[in-house]
Structures are given as C-alpha cells and as structure tokens.
Amino acid sequence: MKRILKQLLRLWHLAMVALIFVLTFPFVYFFSRQKSTYRQLNFFRKICAFFPSALSGIFYRITYKQKIDWSRNYIFCPNHASNLDIFAMSLVVKNNFFFLGKEELLKNPVTRIYFKTIDIPINRAHKISAFRAFKKTAERLQEGMTAVIFPEGRIADDYPPVLQDFKTGPFRLAIEYQIPIVPVTLKDNWKIFWDDGQKYGCKPGVSHICVHPPIEVAGFSLKDEDLLRQLVFDQIKSAL
C-alpha cells in the first residue's frame, strides 16, 4: 500500500509540474526570447520549482554557511541524486543563473524551452559537443551569469546514493576565468524522490540544503585543478 501511495504522489507531482508550467508558459516563452530578460525567466523558473513541490508536500530548507555576495557570479557545484535537485538549485541561487545539463533534457517538454535558450545542453560522450558546451558556458560566465553544474555528471545507479568522482570541467572553468566555486550539499532529496521516482516513488518531506562558503580561486593555476576538485568533493561529502 505504501508503495502505491508513493507512486500516486509521484504522478501527482508530475501533474503539478505540468500544470504550473502550462500556467506560466506565456511568461516563460516571452522572457526566454532574449538574454536581457533571462533574469525574469529565472523568476518564473523559481515559481515552477516551488509550487509543484509545495503542492506535493515537499519543502526546501536552505542553510547558507556564509553570506553570499549576489553581486558576483559563481559556479555552483551540487551533488546529484534526484530530479528534485534542479528545483532545489533554482531556489538556492539568487542572481541570474543557468544550468549546464545533459542533452537528454532537450527531449523533456518542460525543460526543453530552457535548454533551447538560457541553459546549455552537453553530450559528454562526444568531445566536440562537450567542447562547444563548455565554450558557451565560459561565454555566459564572462557575461556575469552564474553557472550551476553537477560535477558528478549524472545520477548514478547506486541506492542509497554514493558520491561519484567529479568531472574536471567546472574546476577548469573556475580557474581559467577566476570564478569562485560554491559547493552545495543536497542532503536528502534522494530520500524524497530518488532519480526520476519511477522505482521508489515520491513522498512528502523537507529537502535540507547546505550551501558551503565560496571557494576563491585567486592564485590557482590549471595545475591545481585536482586540488580544487578535491576541496569541493570534501566540502560536499562533509555534510552528507
């Protein structure tokens, strides 16, 4: 019975995602047309993150370990074990931001419009595609936007989740363009909604999010890439 209820809540949550997306779509479409209105687009993205979750009994409790200067741009690096992670990070970041995410999100009817405009799809299996994605990411960072990059690259098959080895991309970008990295620990999204929810369903709960202090990269060179990657890994793991 519990499993059936969890699957019903998953379907309800998906229905709420679809409903809020349809209701906000005229605004999302309008503000996605040009870069100058991406900040407004992100406002509606936050609405699309908060309300479907709240209507499903899912709430987000964000703890900032240090006050963030939102006049600066950053590279946010969270762990990844749930589709809720995208909603959570949409609520965490307070300045103008974009996601670097897997190319498959272009096929999702809700995320497609974002990944055709503000967000950047990446296919890590193809080097040329990955190079172009990171080049475009670098351009957005230089324009003053904040990037959200899941350094694990994907949701692993392990249940309960195990923190996977990090890809090098975000750390190389941080050093090359001198952008601080903010590690983020998403503590228990997987307990509420693991992966896409198909296997274990969904349940109400509170998502606890720990935003660690920014790691400044002034003085780092590319030879320090592994050191920076380990620093971020250790910070995220410390709060799991």
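Guide: A residue counts as buried under 20% relative accessible area, as exposed over 50% and as partly exposed in between, with a 1.4 Å probe and protein chains only. The model is predicted, and local features need pLDDT of at least 70, side-chain atom pairs count only at pLDDT 80 or more, and totals for chains, interfaces and linings use all residues. Residues are numbered from 1 along each chain as its sequence is written, and side-chain values use heavy atoms, with hydrogens and water left out.

Visitor: What makes Leu23 count as exposed?

Guide: Leu23 has 56% relative accessibility, and the cut-off for exposed is over 50%, so Leu23 counts as exposed. Leu23 belongs to helix H1 (residues 2–31); helices are DSSP runs of H or I with at least four residues, strands are runs of E with at least two, and both are numbered from the N terminus. The C-alpha atoms of Leu23 and Cys48 are separated by 9.5 Å, and the two residues are 25 apart along the chain.

Visitor: Why are H1 and H2 called roughly antiparallel?

Guide: Their axes cross at roughly 165° and come within 9 Å, with H2 covering residues 38–54. Axes are lines fitted to C-alpha atoms, for helices over the stretch in contact, and angles run from 0 to 180 degrees between N-to-C directions. Angles under 35 degrees count as roughly parallel, over 145 as roughly antiparallel, 65 to 115 as roughly perpendicular and the rest as oblique. H1 and H2 are therefore roughly antiparallel.

Visitor: Which residues of H1 and H2 meet?

Guide: Contact means heavy atoms within 4.5 Å. On the H1 side the residues include His13, Ile20, Thr24, Phe27 and Phe31; on the H2 side they include Leu41, Phe44, Cys48 and Phe51. Phe27, Phe31 and Phe44 also belong to one aromatic cluster with Phe30 and Phe43.

Visitor: How do you know whether H5 is oblique or roughly parallel to H6?

Guide: H5 (residues 127–142) and H6 pack at an angle of about 40°, with their axes 11 Å apart. That makes H5 oblique to H6. H5 passes H6 in a right-handed crossing: a crossing is right-handed if the near helix is turned clockwise from the far one by less than a right angle, and left-handed if anticlockwise. Among the residues that meet are Phe134, Ala138 and Leu141 in H5, and Pro170, Leu173 and Tyr177 in H6.

Visitor: How do H6 and H8 pack?

Guide: H6 and H8 (residues 225–238) pack at about 120°, with axes 9 Å apart. The crossing of H6 and H8 is right-handed. Phe171, Arg172, Ala174 and Ile175 in H6 meet Glu225, Leu228, Arg229 and Val232 in H8.

Visitor: Why is the pair of Tyr159 and Trp190 called edge-to-face?

Guide: Rings of Phe, Tyr and Trp (its six-membered ring) pair if their centres lie within 6.5 Å; planes under 30 degrees apart count as stacked, over 60 as edge-to-face and the rest as tilted. The centres of the Tyr159 and Trp190 rings are 5.6 Å apart and their planes stand at 80°, so the pair is edge-to-face. The pair links distant parts of the chain, 31 residues apart: Tyr159 is in the loop between strand S5 (146–149) and helix H6 (169–177), and Trp190 is in helix H7 (residues 189–192). The structure holds 19 aromatic pairs.

Visitor: Are Tyr159 and Trp190 buried or partly exposed?

Guide: Tyr159 is partly exposed at 37%, whereas Trp190 is buried at 19%. Tyr159 is also joined to Pro160 by a cis peptide bond, with omega about -5°.

Visitor: What makes Arg33 count as sitting over a ring?

Guide: The test is that NZ of Lys or CZ of Arg is within 6 Å of the ring centre and within 35 degrees of the ring normal. The charged end of Arg33 sits over the ring of Tyr29, 4.2 Å from its centre. Arg140 lies over the face of Phe98, at 5.8 Å from the ring centre.

Visitor: Why is H3 called largely enclosed?

Guide: Eight of the nine residues of H3 (residues 84–92) are buried, so the helix is largely enclosed by the rest of the structure. The buried residues include Leu84, Phe87, Met89 and Val92.

Visitor: What is the phi of Gln178 and of Asp195?

Guide: Most residues other than glycine have a negative phi. Gln178 has a positive phi, near 55°, and Asp195 has a positive phi of about 55°. Gln178 is partly exposed at 38%, and Asp195 is partly exposed at 25%.
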